[in-house]
4 protein chains.
Amino acid sequence: MAYKDEQLHEEKVFKDPVHRYVHVRDRVIWDLIATPEFQRLRRIKQLGTTNITFHGAEHSRFNHSLGVYEIVRRIINNFQGRTHWNNDQRLLCMCAALLHDLGHGPFSHSFEKVFKLDHEHFTQQIILGDTFVNKILQRVSPGFAQEVADVIAKTHPNKLVVSLISSQIDADRMDYLQRDAYFTGVSYGHFDMERILRVMRPIEDQVVIKSSGMHAVEDYIMSRYQMYWQVYFHPVTRSAEVILTKILHRAKHLYESDYEFKLQPTHFLSFFTGNVSLAEYIKLDESIVHYYFQAWQEEEDEILSDLCERFMNRRLFKYVEFNPNKQISELLRLIELFKKAGIDPEYYLVVDSSSDLPYDFYRPGEEEERLPIHLLMPNGYLKELSRHSDIVEAISGKKRTDHKLYFPKDFLFTIQDEQLATEITEILYGKEM
Amino acid sequence: MAYKDEQLHEEKVFKDPVHRYVHVRDRVIWDLIATPEFQRLRRIKQLGTTNITFHGAEHSRFNHSLGVYEIVRRIINNFQGRTHWNNDQRLLCMCAALLHDLGHGPFSHSFEKVFKLDHEHFTQQIILGDTFVNKILQRVSPGFAQEVADVIAKTHPNKLVVSLISSQIDADRMDYLQRDAYFTGVSYGHFDMERILRVMRPIEDQVVIKSSGMHAVEDYIMSRYQMYWQVYFHPVTRSAEVILTKILHRAKHLYESDYEFKLQPTHFLSFFTGNVSLAEYIKLDESIVHYYFQAWQEEEDEILSDLCERFMNRRLFKYVEFNPNKQISELLRLIELFKKAGIDPEYYLVVDSSSDLPYDFYRPGEEEERLPIHLLMPNGYLKELSRHSDIVEAISGKKRTDHKLYFPKDFLFTIQDEQLATEITEILYGKEM
Amino acid sequence: MAYKDEQLHEEKVFKDPVHRYVHVRDRVIWDLIATPEFQRLRRIKQLGTTNITFHGAEHSRFNHSLGVYEIVRRIINNFQGRTHWNNDQRLLCMCAALLHDLGHGPFSHSFEKVFKLDHEHFTQQIILGDTFVNKILQRVSPGFAQEVADVIAKTHPNKLVVSLISSQIDADRMDYLQRDAYFTGVSYGHFDMERILRVMRPIEDQVVIKSSGMHAVEDYIMSRYQMYWQVYFHPVTRSAEVILTKILHRAKHLYESDYEFKLQPTHFLSFFTGNVSLAEYIKLDESIVHYYFQAWQEEEDEILSDLCERFMNRRLFKYVEFNPNKQISELLRLIELFKKAGIDPEYYLVVDSSSDLPYDFYRPGEEEERLPIHLLMPNGYLKELSRHSDIVEAISGKKRTDHKLYFPKDFLFTIQDEQLATEITEILYGKEM
Amino acid sequence: MAYKDEQLHEEKVFKDPVHRYVHVRDRVIWDLIATPEFQRLRRIKQLGTTNITFHGAEHSRFNHSLGVYEIVRRIINNFQGRTHWNNDQRLLCMCAALLHDLGHGPFSHSFEKVFKLDHEHFTQQIILGDTFVNKILQRVSPGFAQEVADVIAKTHPNKLVVSLISSQIDADRMDYLQRDAYFTGVSYGHFDMERILRVMRPIEDQVVIKSSGMHAVEDYIMSRYQMYWQVYFHPVTRSAEVILTKILHRAKHLYESDYEFKLQPTHFLSFFTGNVSLAEYIKLDESIVHYYFQAWQEEEDEILSDLCERFMNRRLFKYVEFNPNKQISELLRLIELFKKAGIDPEYYLVVDSSSDLPYDFYRPGEEEERLPIHLLMPNGYLKELSRHSDIVEAISGKKRTDHKLYFPKDFLFTIQDEQLATEITEILYGKEM
């Protein structure tokens, strides 16, 4: 039997708190899970610094990747008899689902921002480069690795397959909403996935939803909305991220200034110089980052050691609401005052913004461009979701943005010049404080 | 107001997946949670290598410690009007609950075994030594830190307080059973804690259970039994632990043999020499261990690098059942054959045993000595649980032990000498294989 | 000790699937639960005919009433220290919560519509009339029964007490959403009640919500919206209700036409004549209604027996969407055709409408007038919910109405005149069918 | 296509709180559910008087029957490829599962006891008699109804099919444990059914369990044990049942004594005379029983009216523990004293016993004879469960019996003769009371 068609002697299962069990029958899937590149995802948290706010959120990307695979597996099962897929297309979907986050590094968001990286680029490299994952995919068939890479990159000609992995209601999102809700313990994030899976219908180039299932989809979109504002953009989490970002900036700056580190930033060098090889990238997991941050608490450089100590011991920045349209002069004044007080505003006065677009039917060229959701009406026509759902229509295309100003409140109490301290406090908190 | 009586301006809560919310009103508790020593528990997994088997089990000891505190807080609330406790005793219980696991290091089980350590010793040191935690406890009152230490050490004269933290149905166990069940996703580990809390009654020197709540306690004991055999002693987890233990042994051995490490085991030196200071102990969290294991994959020493590579990439040892009474000669023969095949049996042929005593009414001098559970009968008398419950009586005092033999199955396929390979295989798997 | 202050020797609990336990400590509450008038609620389903669609929805109003009481009990607990309530006000709230649905009869919606009744009128009568409930309330204090009645009628001067029982986020709604979700098994209806309870703040004349809890309230409002359209207005449930309504109409009509019933409608007589006494009202529970409907399957009158048989055996009417603005001529034509076919359109062609207003900030004089939800902002000001929440703003005041046309599809197949049958079918389903 | 092979155009689902969804694809199943005989199960509670104790337990036998069907459907799905079953055997299993409780009447336990009936007899009659159910089964094939009846009666030659419906771990038990736990809200009754289904293996004449799933089975057996003692035998529920039984006895006695009922017991006549026809049996659902009991509260006969009033308004008998071996003389004395006090001991002094055998490997001729559970060991041999599981071995074959003495405590307070009252009280409660 061809490798691609090999079935395990007995089905293997992973106990999963969210989907109960993750089922594996295909040898290819089993072999991919066993690769070092995939096992590495165990050491990368799904939600980065969110565990600082929600202590249950320690779950890894390994977790999530298995979950996305399992959802796709179930969708394909439901599609039996409705598509003309052969086993190759089935395997393509499942591999793409399993591997779609393979290129994530530790605290991806911050690393990508500071070092101008893109985890999707590394996902492609791991799939196509000289890796264990690639060897397995090559064994399926010569072009298979490229196909998997194309599905993840959304450039694959089979749009139906792509839409399972990346649309506004794809397996990726359905898994992470439920999983993140489970591990944080929040009561949002629940929707009737079983029902959504049952009303999904494959048509030519996309997955559509039978209109009878519209309310389950509304519920999913509201879950998404709530998870963004209640969990993903939680200001305490963002505070930890702000500090993390500033650590990376500072370390890079020190390196460029020929500062003599007690612990050389060996694992970071290629990131600082902007020339990251796959091997170096893969080596960097959260343990390594923690190792450095722990050690750097004892560096001479006060800013680096202070920021690292804050990050490790959860002494976070506080925040106030900030309106960039109206308060720019206050911000400029604060920068001045911080400098006067000997607090470097570059590291200790940070505006951070979050914004979310809960659902959009069409927004070409957007960073997060995903396909709209189409309902399959009883008469056989398709209807874009927001044109049928009052709830979705109401929130559709409405981008909400939130800006906050982060700073170490504890520092303010150390300012000797009382007048200076008062002025800073008044700008930040108003006169009443 | 005295520091010990200070209440937070607004109650603080932690979202907790198991107890919904953890509530904090006392400033002392809030300050203890913010210490670096307590925050460090975020970087130590509650279940060590269990996440290798159950991928959800990434939760930290930080998690569990808050949970134990919360249960004790609720018990004390229920006790209002039933005890003559003042606020000092209340605070004593809650601090002991919160801090009882403070001395745990990474992969405690293995480290303690290999380096002859005891995490309880370090818990005492952190509470009584020169730490942030100690400073806060001292501020409560001069003898308070010692009192907390005594409760945790079970030497405190107030036996009632001790029994909340360490008995056969204490807050510690009630939390970890539920929490570990939640994060692994298994369906064991559930019992009606709310009911147990409601039927707990404080008497002079212990907490007893109203007999009407006996069935809830039976359910708890069965949960415990199932969790031990289904989760805590899972053979795949034990395999990872066997490898971990062997890595530590090997590294120590190499250090003692003046092996030249590419990456010096700086953080381990005091462990190797048996002279661990508190500062060194606290520095060692799971990130640090992972950092070394990742680096050591590239060491010259083949055993060390192989074991590290296995641990990081989940290439585990396989196992067969082993009966130490009947199969000792087979084991001796295997050792011989392994040596012949060039596989060092000291590292690659390991007998590992697990044993559990689900409940025992009295077993003085036992390592895990905990108090028996007493039922409060309608007539006001006490009755030891197993004398009233058929179920508990049936399993009471029955120690069950399980032995397994671990080895790297993949190595067997590399043995050139066919006859040698056959003999090994036959001993391990019988002739039919 | 005064009766009103009497506490039970031991707290009593009811096991409740939704709130885990319902706790009773006050003797008054315990005594009220034991009255025949309250026990009668066991024989009245919370959701009338919904169990026809969702087979789990067999739960009774007894169930729900205990739940509302429990929520109010918890809210009052949380208010301790924030209000200047004495025990009398506490008891007033809890009694009103427990008794607010006391006047519900079987299938209230249909009975009220057909016989022009109002269950709130009967609630008042039971509380104030010659009943066991009244005796207990009188024993609390002479004016207490009237106070409880006033709170339920929303005419009590203490607006804060009223708002706990009837506002847009009151204990009533919070209980039924969760309870109905639990028993139907749908995945809607979940929201973080524990959090909402924690952010509720009593101010002079209402309960407000701390703005930090806004998202939990949004979630609650979405739950409400989903439950209405997914459960309460489910077309299959409405079909059963349409039939039920028609049975009542027919029985009344037959009675007025001096039809000779095999089983005299003794229990219904006062309903038919519009002169219902309290004693007669209380006697009518769902068992009695089922008894008659079972017997009436064997009446001579074909319409009555057919409708009863349909109701008992779930042979429901089918439905098509109906637009009253555009399709009135089709409806008139159908009435004509039904008559021609010998099918009485008065009983067998029914337009049924449902409409819901998910949230409204102010709509005086509305049938379902409830108070708006106010957020307590950090600056101490109040802000009406929809002015702060995008989501709520989007759906605020948007009444959605849905009309459907119900008819017995099976009858159509029995029409002899083929042309007639075809025309009816075409109007109902369009030509393609 | 043959009727038996017909599939519904679209799969139909029932929302089920326990199994999430019940799936129906076969027209035969769909048609059976729509019969009046099956719909009648909606009006019969699964747990009779248990809702008196656990107010959530209002769920019907309709509920449970769908659940058993669904479990069998899933088991058969899992068996695909492991059995040589054709569609006929599949349908046979599913029909037997769906219909196995069809003959249950209201409060079966009491009715069967008082009137010497057997619900299984009526199940057979409904399947084989002149009913809608029978017509559908006949349409499948001439002998099919008989086959279904044989499976339910456990006389069918295909033992494997029988064991799915009646063994010690059959679909019936797995459904009711979980369902009754869900609706009562207790925390017992949970076990990992999904895992059990996955480790079930069909062999020649029975379903066995792969030994790797043993712990899930242990958990199931403990659930069963807990449900029996915590829910099914709850003394408050039994008190209601005692009263119910006495009502039936009294009504029969009055009828036989030519008492003139205000409301003639028309629906009961055939039960009193011991000559119940199927038509009469089917007519009797819980509504009818409630109708009579409500009316009979106003009968002249004081015993009948008192008992009915107690049942309807939950004024139950109290109980004390009773040991039939040691306390028979006390009982006799009590009977005497009750008579003296004018309280008829036949109706007001009742010994009620419950007993349960949590698991037994072999007990031929037992009333509740079910097949033992066999484990399929890795070596291919079968091993009876209790020989492999310590837990099960411990409780295997241990019948536990509990006797209680029920009586109306309120009556005791009405006894004028103080000495008499004292003596009765002392016997019941001991001198201390």
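Trainee: Before counting a chain contact, what makes two residues be in contact?

Mentor: Two residues are in contact if their C-beta atoms, placed from the backbone, lie within 7 Å. Keep in mind that this is a predicted model.

Trainee: How many residues does the contact take from chain D and from chain C?

Mentor: Chain D gives 30 residues and chain C gives 30 residues. On the side of chain D that touches chain C, the elements giving two or more residues are strand S1 (7-16) and helices H2 (36-39), H3 (61-79), H10 (171-184) and H16 (286-296). H16(D) has the largest share of that side, with 5 residues. By residue class, the side of chain D that touches chain C divides into 10 nonpolar, 13 polar and 7 charged.

Trainee: How are the two copies, chain D and chain C, related?

Mentor: Start from the superposition. Chain D is placed on chain C by a rotation of 180 degrees, with 0.0 Å of shift along the axis and an RMSD of 0.0 Å. The two copies are therefore related as by a two-fold rotation axis. Both copies use the same surface, as 100% of the contact residues of chain D recur in chain C.

Trainee: Which residue of chain D comes closest to the rotation axis?

Mentor: That is Ser287(D), whose C-alpha is at 2.0 Å from the axis.

Trainee: Now a single residue. Is Thr123(C) buried or exposed?

Mentor: The test is a neighbour count: a residue is buried if 20 or more other C-beta atoms lie within 10 Å of its own. Thr123(C) counts as buried because it has 20 C-beta neighbours inside 10 Å. Thr123(C) lies in helix H6 (residues 119-128) of chain C.

Trainee: With neighbours within four places in sequence left aside, which residues is Thr123(C) in contact with?

Mentor: They are His100(C), Leu102(C), Gly103(C) and Ile152(C). As for Lys210(C), 87 residues from Thr123(C) along the chain, the C-alpha atoms of the two are separated by 33 Å.

Trainee: Into which domains is chain A divided?

Mentor: Domain 1 covers 3-233, and domain 2 covers 235-354 + 401-429. Note that domain 2 is written as two segments. The centres of the two domains of chain A, taken over C-alpha atoms, are 33 Å apart. Their contact takes 24 residues from domain 1 of chain A and 22 residues from domain 2 of chain A.

Trainee: Which helices of chain A each supply at least two residues of the domain 1 side that touches domain 2?

Mentor: Helix H5 (108-115) and helix H6 (119-128) of chain A do. H5(A) gives the most to that side, with 5 residues. The domain 1 side of chain A that touches domain 2 divides into 10 nonpolar, 9 polar and 5 charged residues.

Conventions: Residues are numbered from 1 along each chain as its sequence is written. Chains are lettered from A and ligands numbered from 1 in the order in which they are written. This is a predicted model: local features need pLDDT of at least 70, side-chain atom pairs count only at pLDDT 80 or more; totals for chains, interfaces and linings use all residues. Helices (H or I, at least four residues) and strands (E, at least two) are DSSP runs, numbered from the N terminus. A residue is buried if 20 or more other C-beta atoms lie within 10 Å of its own, exposed if 12 or fewer, and partly exposed in between; C-beta atoms are placed from the backbone. Ala, Val, Leu, Ile, Met, Phe, Trp, Tyr, Cys and Pro count as nonpolar, Asp, Glu, Lys and Arg as charged, and the others, Gly among them, as polar. Copies are superposed by least squares on the C-alpha atoms of residues with pLDDT of at least 70 in both. Domain bounds come from an automatic or database domain assignment.
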